[in-house]
Amino acid sequence: MGYPHPSHPKETVLLSKYFGDPGARTYAGWIERGGYEGLRKALAMPRAEVIEMVKQSGLRGRGGAGFPTGLKWSFMPKDEGKPHYLVCNADESEPGTFKDRELLRWTPHAVIEGCAIAAYSIQAQTIYIYIRGEFTEPWRIMTKAVEEAYAHGALGADAFGSGTRIDVVLHRGAGAYICGEETAMMNSIEGKRGNPRIKPPFPAQAGVFGMPTTINNVETLSAVPHILTRGAEWYKGLSLSSPKSTGTKLFSVCGHVQRPGNYEVTMGTPMRDLIFDMAGGMRPGRTLKALIPGGSSVPIMTAAEVEGCALDYEGIVAKGSMLGSGGVIVMDDSTDMVRTIWRYTRFYAHESCAQCTQCREGTAWTTKVLERILSGRGKQEDLQLLLDLADNMTGKTICVLSDSCAAPVVSGIQKFREEFDAYIAGARRPVLAAV
Amino acid sequence: MSHAAAQGDGTVTSHEKIFTGERRAQLEALFAKYPTRQACLLPALWMVQEARGWISEPAMAEVGEVLGVTPAFVRGVVTFYTMYHTHPVGRHFIQVCTTSPCGLCGAEETMQAILRESGCGELGATSPDGRFTAIEVECLGACGFATPILVDDDFIEGVTPERVPGILAAYK
C-alpha cells in the first residue's frame with residue numbers, strides 16, 4: 001500500500017500489506033498473519049525443488065539489476081563441503097529509493113523468512129543482513145525481530161526442528177553508497193574499505209570470506225515466502241505486459257508529486273497510473289517535465305516517454321531507461337534540469353570509492369564542468385566535453401558507479417539540451433557562485 | 001582521565017583503553033559470528049564511537065591490536081566510511097540529506113535553517129556552545145519524506161525550515 005497513504009485500488013498489495021501496522025512486527029503478530037508458513041514448507045522440500053520453484057515463478061532481483069533469482073541461487077555449488085553464505089542487501093541508498101526501509105520497518109519477519117528460505121536452498125548456514133548505518137530505526141526493529149525468531153525456533157541450530165542450522169547476523173554499515181554494490185558489500189563485511197572487486201570470480205564461486213555467496217535484495221527476499229505459500233504459477237500470473245516480468249514491484253515515488261510514498265503494483269501496470277493516480281499527479285498548476293524511473297543511476301525519461309510506458313523491466317527499457325530499483329523521481333515544469341543533474345553528479349563524485357581512475361576523475365570533473373556552466377562561465381564545447389567524459393566513464397570500470405553518473409548527464413544533454421545552452425549563452429541567470 | 005585529550009595540534013596525550021571489562025566481552029561475543037576477527041572491525045569501530053563520541057588515533061591502534069590488523073589498516077577503513085568521526089564533534093550530531101530528490105523538495109532551505117538555528121553557521125562546524133555539529137549527507141533513503149535528517153540516532157522525516165527550531169529544542 002502507498003504508505004503513508006491508504007492503499008490505492010490500482011495497487012496489488014502483497015509485500016506492503018502490513019505497512020503501517022505495528023502488530024505485524026512481532027513474531028506472534030506475524031504468525032497470526034500467516035507468517036513463516038513459507039519457511040516451514042521450504043524446509044520440508046528438497047533444496048533443488050525450492051530453487052526450481054523460485055526459477056519457475058520468474059522472480060527477478062529487485063535491487064537494480066533484475067537478474068533471475070532462482071537462476072542466481074542455482075549457481076551455488078552443491079555439497080562441496082565449503083561454508084556458504086547468504087547476504088541480504090539492506091544498504092538501500094540509491095537516490096529516490098525508500099522501499100526496503102519500509103519492508104525492514106514494518107515486516108521484519110518477512111525479510112527474515114525470505115532470508116531463511118534462500119539460505120536453506122543454497123546450503124548457507126549463516127546469513128549476513130547488511131543494513132546501512134543511517135537506518136537506525138530499521139536496525140532496532142530488525143534486532144528485536146531476529147531475537148524473537150531465535151526464541152521461537154525459526155532460526156538457530158535446528159530451524160523449526162528441521163535439523164538445518166540457519167543463523168542471522170545483522171551487520172551495520174557506516175556510510176558508503178558503494179557498499180550497496182555486492183562485491184563492495186562483501187569487502188565491508190570482511191572489515192575492509194568498501195571497494196568493489198573485479199568479477200570473475202563471481203560471488204557464487206568466491207564471495208564473502210572467499211566462500212560461495214549469494215547476495216539478494218531485501219525486496220527480492222521478501223517476495224520469496226509468498227511464492228512458497230501460493231505457488232510459482234500464481235506468482236508468474238501477476239504480469240500485465242511482458243511475461244519476463246512477473247510478480248509485484250514496490251515503486252517509491254518522490255519529488256514533485258502530491259502523494260509521495262511506496263506503491264506496490266503488478267508488473268506491467270501503466271507508469272501513468274502510478275504517477276497520476278496513485279501518487280496523485282503534479283501539484284496544482286504544474287505539469288510533468290521528466291522523471292527518473294529506477295533510482296538516480298538510470299537515464300532520465302521525458303513526459304512524452306512516460307506515455308504508454310509499462311512498469312516492468314522490458315517496458316522501461318523500451319522507453320530508453322531501466323526499472324532499476326524502482327525509485328521514481330518526479331520532476332515538474334519548475335525543475336532546473338542542469339542544476340538537478342549537477343546535484344546527481346555531485347552525489348556520485350562524493351560516493352566514488354576512487355579505485356578506478358575513470359570514476360574518481362570522471363565523476364569529479366563532470367561535476368566541476370557542470371558547476372562552471374551553472375556559474376555562467378560555461379563554454380559551448382563543454383557539452384561535448386561532458387559527453388566525452390561520460391563515454392570514458394561507461395563500461396570501463398570495476399563497478400557501474402561511474403556509468404550511473406554518466407546516465408543522467410548523457411540523457412540530460414540529449415533531452416534537455418536547450419537548458420544547458422541557455423546557461424552557456426547567458427540567457428539564464430547563474431545559480432552557483434563562480435569558483 | 002576518562003577521555004583521550006586532543007591538543008590544539010591534533011595530537012593525543014593519553015588513551016584510556018576502550019576494550020576492557022564488559023565491552024571487551026561484547027566484542028568477543030561478536031567474534032563467534034564471523035570466521036575472521038577482522039570482520040569485527042566495523043562493529044568494533046561503532047563501539048568505540050558510542051563510547052567516546054569519536055575515533056582517535058590511539059583508539060584505532062587499540063582496535064587494530066585487538067583484531068590483529070595494523071593501525072594504518074584501521075585508519076584506512078575509518079576514513080572510508082563517512083559516519084565515523086575522526087575528530088570530536090558536538091554533543092548532538094545532525095545529518096541533513098540534500099541529495100537531488102530532497103533537493104527538489106526544499107532540502108537546501110532546510111539545511112540553511114539548521115545551520116542558522118543550531119549555531120553551527122557552516123557545514124561541518126560545531127556550534128560555539130558545543131551543542132551541535134551539522135553536516136550535509138548524501139541520500140538517507142527516505143526520499144518520499146523530504147527532508148529527512150538524523151539527529152544522533154533519531155531519524156526525523158519531513159523537516160521544513162519552520163520545524164527546525166522546535167526539533168532542535170529537544171536536544172540540550
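This note goes through a sheet, a helix and several salt bridges of the structure above.

1. The model is predicted, so that local features need pLDDT of at least 70 and side-chain atom pairs count only at pLDDT 80 or more, while totals for chains, interfaces and linings use all residues. Residues are numbered from 1 along each chain as its sequence is written, chains are lettered from A and ligands numbered from 1 in the order in which they are written, and side-chain values use heavy atoms, leaving out hydrogens and water.

2. In chain A, five strands make up an open sheet of mixed pairing, in the order β6-β5-β11-β8-β9; strands are DSSP runs of E with at least two residues, helices are runs of H or I with at least four, both numbered from the N terminus, and two strands pair if DSSP finds at least two bridges between them. Strands β6 and β9 (301-302) of chain A stand at the edges with a single partner strand each, so one side of each has no neighbour in the sheet.

3. Although β6(A) stands at an edge, six of the six residues of this strand (residues 261-266) are buried, so it is largely enclosed by the rest of the structure; buried means under 20% relative accessible area, exposed over 50% and partly exposed in between, with a 1.4 Å probe and protein chains only. Its antiparallel partner is β5(A) (residues 248-255), over six bridges, and a hairpin of five residues joins the two, with A:Phe251 and A:Tyr263 as bridge partners.

4. Helix α18 (residues 417-424) of chain A has A:Glu419, A:Phe420, A:Ala422, A:Tyr423 and A:Ile424 as its buried residues, and what covers them includes β8, α14, α15, α16 and α17 of chain A, where contact means heavy atoms within 4.5 Å.

5. Over all chains, the whole structure has 34 salt bridges, each defined as a side-chain nitrogen of Lys or Arg within 4 Å of a carboxyl oxygen of Asp or Glu. One of them pairs A:Glu219 with A:Lys249, with the closest N and O atoms 2.7 Å apart; A:Glu219 lies in helix α9 and A:Lys249 in strand β5 of chain A, so the pair ties together parts that are 30 residues apart in sequence. A:Glu219 is buried at 0% relative accessibility, and A:Lys249 is also buried, at 0%.

6. B:Glu157 is partly exposed at 26%, whereas A:Arg101 is buried at 2%.
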